[in-house]
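Here is a friendly walk through the domains, sheets and contacts of this model. Have the sequence and the 3D view ready as you read on.

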Amino acid sequence: MSRRRVGLLVTCLVDFFRPQVGFASIRLLEAAGCDVRVPEVQTCCGQPGWNSGDRGSAQALALGIIDAFAGFDAVVAPSGSCIGMLRQYPAVLGESHPRHADAVALAGRCHELTSFLVDELGYRAGLKAESGDGPVTYHDGCSGLRELGVRDQPRTLLAEAGVGICEMDGATVCCGFGGTFCVKYPEISGAMVDDKVASIERSGASTVVAGDLGCLLNIEARLARLGKPIRVRHVAEVLGGVEDSAEQRS
Amino acid sequence: MSLDTSSRTFPQQVRVARTDANLQQALGKLKFGLTAMRGAAVAKLPEFEQLRHDAAAIRDHTLNHLDHYLLRFEAAVKAHGGHVHFAPDAAAANAIILEICRSVDARKVTKGKSMVTEEIELNAHLEAHGITCLETDLGEYIVQLRKERPSHIVAPAIHVLKEQVAETFAAHHGAAPPGGRGEAAALMAEARSVIRRHFLEADVGITGANFAIAETGTTVIVTNEGNGDLTQSLPKVHIAVTGIEKIVPTLEDASTLIRLLSRSATGQEASVYNTFSTGPRRPEDPDGPEAFHVVLVDNGRSRMLGSVFQDMLRCIRCGACLNHCPVYGQVGGQAYGSVYPGPMGAVLTPSLAGIEAAGHLPNASTFCGACEAVCPVRIPLPKLMRHWREREFDAGLSPRGARFGLALWSFAARRPRLYRLVSRVGASVLALIGGRRGYLAKLPLGRGWTAWRDLPAPAGETFQAAYRRRRRTGAD
């Protein structure tokens, strides 16, 4: 069987804030035997528009993504949230839209990174994990968990790579990011991320890992404001053996 | 519109809620109480998911044939000697209930817990016409004494600490009873002794109805205190007030829904009292009311039928979505400014009060999906909240700043070349400002973020730029 042609949806947050999550994703997918390409014309999955009630913008961006990723066997993103959005494209376009069938086809072949590795490829042997010292705790991003059923896959990969996990209480409770929610209702969002930070601290882990950069930026941002020395890593960075971003900078 | 709210000032109410130490202490208990009890009850029932599926199907079938089942219900109630009144809106419902009270010269009414009577503000209407209304559910009684609105659809006084209840009772009942006011049980006993004599004095008893069964003309209340039973059996007249969507076709259907309701609401396998009322007292009955009225309130519900919001009418008011909502858990029910708070209220309140009045509620959600995951009738609550956001956006009601930001983002994101340029410049500028520490403490136009958080600075080069560069140079 020829190598799977995988289109990587980098996601706008990874593109802008933490490119190394994208490179780590490529390394993981290639190690798992995929032929990975990154279409240049991708911008954003359209979720900010869709969740703000702006269907027109969401449709325009959905069509852009559908075109950019035509011809791949699978579309993979290091994000449950963005893949959750791609899975909604049929609803975004609506049944009467001439491209509805294309949206359905894309929704059927797009996957969150860890679930693609584990569920679709049966990939287990991780690269040398880079988790710093001590065990990590894992935060379940809402879309990945409740829309895509991503829960065991990242934990399986971390365990295979020899990374210990101390589960936090309330791992499945939202961190308060919520896209535009965090700037529209800062008091509520701030209180939610404080609860998340408290859960992370109670776990005893020195590193928090998740599969979505939205959650991670939110958590990292609050930890930085509070001056707490807990490291914040994307699961792809840990599994792909990529050094911590802060260390890279210094 | 059909529901009075103070939801427009949600952000101010959030600030009040976040700085209310008593409220925050009360909410802290919620997080580990009701959710844990529900979880344990669900874990013990292997067919719970099948029940959810069946319950949603029962509710959908009923709503798709609501006219038929409403007429069947009416005929069955009449056949048992009761009366059914259809109230198109709150004013009509209040007028009907007042008229029934006047027909028996009622001076005092006792009430079982009923969210629909909260929705139509029945107490204020009756009091304005010289009729005393007494709430007999403990939580409702506390809230009534404190002149507040319920903060939770199942546990109306969940925002009140027992120390505050003691203060409220001291202000209204005078000297403490022999048992004191230190323990919850003592407070409950005190309330019971005060309320009990009112049952005997009341001319009319008003309850809600969790379900109204079409085949038998029966109303059902599911309670834990027994106050509802005394309310509906001791006075001469029983009025059950409920929404038109509470109809279920058969007794069997009602029992399926009750199995889900108690577990979802309080984690009980069955609530303490599941009381079925069919018609007034018959000659051979030892007790019961002389007259039995059912007031079926529309108040905006029929507008939801056949719309994208119809699924919301499946709701059986268990409150599980409130208990599991991280937003509700931070601010409590009263911040929402509606008798229907939390995720179910974020969909139902704009349906009844209009999106102009309640726009904040469907926006104040991260779409985390915890509500939908626990809903016993599988209402897609985040999807319905998104529909409200879409209505709001289409009507031009979203805040101007948000619309402007969205328009800018959309303009750039639709143009990949422009988008790459803007993000490339933005990432390097922010990386520069972030400096060695790698964080920005202040952002122009970014107060919503930086009031609580620093901004992790980007690496400096976007992924797309780095990826193209590496491919050109053959690195990596």
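Chain B carries domain 1 (33–299) and domain 2 (404–473), with bounds that come from an automatic or database domain assignment. The C-alpha centres of these two domains of chain B lie 55 Å apart. Before going further, a word on the source: this is a predicted model, in which local features need pLDDT of at least 70 and side-chain atom pairs count only at pLDDT 80 or more, while totals for chains, interfaces and linings use all residues. Residues are numbered from 1 along each chain as its sequence is written, and chains are lettered from A and ligands numbered from 1 in the order in which they are written.

Chain A is likewise assigned domain 1 (5–120) and domain 2 (136–249), and their C-alpha centres are separated by 21 Å. Across this boundary, 30 residues of domain 1 of chain A are in contact with 25 residues of domain 2 of chain A; contact means that C-beta atoms, placed from the backbone, lie within 7 Å. On the domain 1 side, α2(A) gives the most, with seven residues. Helices here are DSSP runs of H or I with at least four residues, and strands are runs of E with at least two, numbered from the N terminus.

Is β10(B) buried or exposed? Six of the seven residues of β10 (residues 291–297) of chain B are buried, so this strand is largely enclosed by the rest of the structure; a residue is buried if 20 or more other C-beta atoms lie within 10 Å of its own, exposed if 12 or fewer, and partly exposed in between, with C-beta atoms placed from the backbone. Pairing requires at least two bridges found by DSSP between two strands. The table gathers some pairings from both chains.

| Strands | Sense | Bridges | One bridge pair |
|---|---|---|---|
| β1(B) and β10(B) | parallel | five bridges | B:A87 and B:V297 |
| β5(A) and β6(A) | parallel | four bridges | A:V136 and A:T207 |

In chain A, three strands form an open parallel sheet in the order β5-β6-β7. Its edge strands are β5 (136–139) and β7 (231–234) of chain A, each pairing on one side only.

Finally, the two chains meet through 51 residues from chain B and 53 residues from chain A. Among the chain B elements that give two or more residues are α1 (10–18), α21 (381–394) and α25 (463–473).
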